[in-house]
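Please look over the sequence and the structure first.

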Amino acid sequence: MNDRTPLLIVGHGTRSAAGVAQFAALVDRIRRRGTVDDVDGGFIELSRPPLTDAVGALAGRGHRHLVALPLVLAAAGHGKGDIPAALAREKGRHPGLRYAYGRPLGPHPLLHDTLAERIDAALAGADRAGTWIALIGRGSTDPDANAEVAKVARLLWEGRGYAGVEPGFISLAEPSVPAVLERLRRLGARRIVVAPYFLFAGVLPDRIAARSREFAVDHPGLDVRVADLIGDCDALADLVLERHAEALRGDIRMNCDTCAYRVTLPGFVDKVGRPQTPHHHPDDPADGSGHHHHHHHGDHRHEPALRPGQVAVVGGGPGPDDLITVRGQALLDAADVVVADRLAPAGLVRRLRPGVLVVDAAKVPRGPAMAQDTINAMLIAHARAGRRVVRLKGGDPYVFGRGHEEVLACAAAGVETVLVPGVSSAVAAPALAGVPVTHRGVAHDVTVVSGHLPPGHPDSLVDWAALARARGTVVLLMAVENIAKIAAVLVEHGRAPDTPVLMVRDAGQPGQRSWSLRLDEVGGLAARVDVTPPAVFVVGPVVGLRG
Ligand code: SAH
């Protein structure tokens, strides 16, 4: 990518022909500037051209690297969810397509100056000092987006000499247009300019004008005027190009600290850590025809819920980088510090963004028991220093992963934790070697057993005789050293000597190897094959199902 990388402008769509024409005019204006190599624009719903055509056109002209810019004023559902999801689908259609995702347009001085120009035009010479402004935003179920409108209202007031600027909303949020006009009237306003905080024409800006006229009719003494929309103009083109440059530099400075998807806001606790979910807008067409919402955060640089001072205990899966959960990866992307286990997938650690402090827990000095105390203390210390801490484990943190010891240690220290389950090698290693741990008519139970202590060890909690009598599947972890003794004790207590056994070493890794043999042959195994940890043993009739 370079600073002339083509620009894809993504609109949300409108049922207003005038709005579509303004969008097209802006795309054209930016194209005529000639400062980037190519420019195209499309909509994710309602209007033509659809996004897929715009991407197709750019791809058809040979472009594989793009800047994709959501043409929205504030980060809400469209910018955080719908547009990244639509772009992700385009990536699926065009192999090799890469794009940098830009941030929403506002707040920005170019927008505030443009709003002031539109207000001045409505004033037509009347003085600012005697004028109150009602700045009307779209309104959102996302509190952050509503707060942005309040911020813009304040910035519009600062230094411009209006009597005052109050925010209001045309949809989904309070105060409504009549409510904010009534508030200004009670404050003593005689002249009010209603300024829609909208880029282009549409159903909602029309509704703002209609509500304002109704209020004016009901209050004959009051001078209520409606300013023009921001519209297609040079200032908007300048701002779009600034966002383009910013995306290319990777310099996207979004403030996500008040985002409901990331932190707990009163009344919005259900959103923390969740993907953006589909919600019905009262303004959407009733039938929703042709809309395919696949909301997720896509390439949006929007970090999930891992707050400074919290520790996330994350299961990284059995090894391949893509067997971590989506939630686990998201928390990893948000981390300031990652404390990685010996068996944590190495590729995940390599792919952390620069600047993340990585601690290799396998290198923590002193004996094993002390090492756990040291790790606990380290997690707590980083959390108390206000960092976002991820404790990355192999497999699942609660399957022989000591995850709960760390959770309890953090809790005792007053540090909040988040637990993200993982794909355990107990199930995944056999599966990756072609063996299911259960199978209808073959095995209706599976027992996951630690082979860390040999049978007969005073600290052992395993009833080996019971496992020998059972008919189902036994999965042994950490058993390389003791496998001969374990096999012998199982035969001794009644497991058939010809019970098939599978051994899987380095499951999911390039060095994955597996062997199957009989239970009574296992004792001699170590002499014949290269059995080194990590390895999983599977004992039971399911091993015979291997394709
Ligand atoms: N929490 C982990 C298990 C930790 S105990 C999980 O849920 O997977 C460590 C043991 O896990 C190893 O001794 C080995 O038995 C098993 N193991 C982990 N990763 C493995 C892999 N990639 N291949 C085979 N065995 C693995």
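Predicted model: local features only at pLDDT ≥ 70, side-chain atom pairs only at ≥ 80, totals over all residues.

Which residue in β6 is the bridge partner of Gly137? The partner is Phe169.

Strand β5, residues 131-137, pairs with β6 in the parallel sense, and the pairing runs over six bridges. Both strands belong to an open sheet of four strands with the order β6-β5-β7-β8 and parallel pairing. At the edges are β6 (164-169) and β8 (223-226), each of which pairs on one side only. From one strand to the next, the twist averages 25 degrees. Strands of a sheet pair through backbone hydrogen bonds, in either a parallel or an antiparallel way.

Two helices pack on this sheet. Helix α6 (residues 177-186) touches β5, β6 and β7 (191-196), and its direction makes about 160 degrees with that of β5. Helix α7 (residues 203-218) touches β5, β7 and β8, and its direction makes about 170 degrees with that of β8.

## The loop between β6 and α6

Ser171 lies in the loop between β6 and α6. Its relative accessibility is 5%, so Ser171 counts as buried. Ser171 and Leu204 are 33 residues apart in sequence, while their C-alpha atoms are 8.0 Å apart in space.

Leu172 is placed in the loop between β6 and α6 as well. With 35% relative accessibility, Leu172 counts as partly exposed. Its phi is near 65 degrees, a positive value in a residue other than glycine.

## Helix α4 and its partners

Helix α4 (residues 109-123) and helix α5 (residues 143-157) have axes that come within 10 Å and cross at roughly 65 degrees. The two helices are therefore roughly perpendicular. The crossing of α4 past α5 is right-handed. On the α4 side the contact is made by His112, Leu115, Ala116 and Ile119, and on the α5 side by Val152, Leu155 and Leu156. Six of the residues in this contact are nonpolar, one is polar and none is charged.

Helix α4 also packs with helix α8 (residues 234-249), at an angle of about 170 degrees and with the axes 9 Å apart. At that angle α4 is roughly antiparallel to α8. Here Leu110, Leu111 and Thr114 of α4 meet Ala235, Leu236, Asp238, Leu239 and Glu242 of α8. The contact of α4 with α8 has five nonpolar, one polar and two charged residues.

## Backbone exceptions

Most residues other than glycine have a negative phi, and most peptide bonds are trans. Ala124, in the loop between α4 and β5, has a positive phi near 45 degrees. At 66% relative accessibility, Ala124 counts as exposed.

A cis peptide bond joins Gly106 and Pro107, with omega about -5 degrees. Pro107 is in the loop between β4 (98-101) and α4. The bond from Pro533 to Pro534 is also cis, with omega near 0 degrees. Pro534 sits in the loop between α16 (525-528) and β18 (535-539).

Is Pro318 buried or exposed? Pro318 counts as buried because its relative accessibility is 13%, and the cut-off for buried is under 20%. The residue is found in the loop between β9 (311-315) and α9 (326-334).

Leaving aside residues up to four places away in sequence, Pro318 touches Leu323, Gly395, Val423, Ser425, Ala428, Ala507 and Gln509. Pro318 and Ala344 are 26 residues apart in sequence and 7.8 Å apart in space, C-alpha to C-alpha.

Note on methods: Residues numbered from 1 in each chain as written. Heavy atoms only, no water. Axes fitted to C-alpha atoms, helices over the stretch in contact; angles between N-to-C directions. Parallel < 35°, antiparallel > 145°, perpendicular 65-115°, else oblique. Left-handed = near helix turned anticlockwise from the far one by under 90°. Contact = heavy atoms within 4.5 Å. Nonpolar A, V, L, I, M, F, W, Y, C, P; charged D, E, K, R; others polar. Buried < 20%, exposed > 50% of the residue type's maximum accessible area, 1.4 Å probe, protein only. Pairing = 2+ DSSP bridges.
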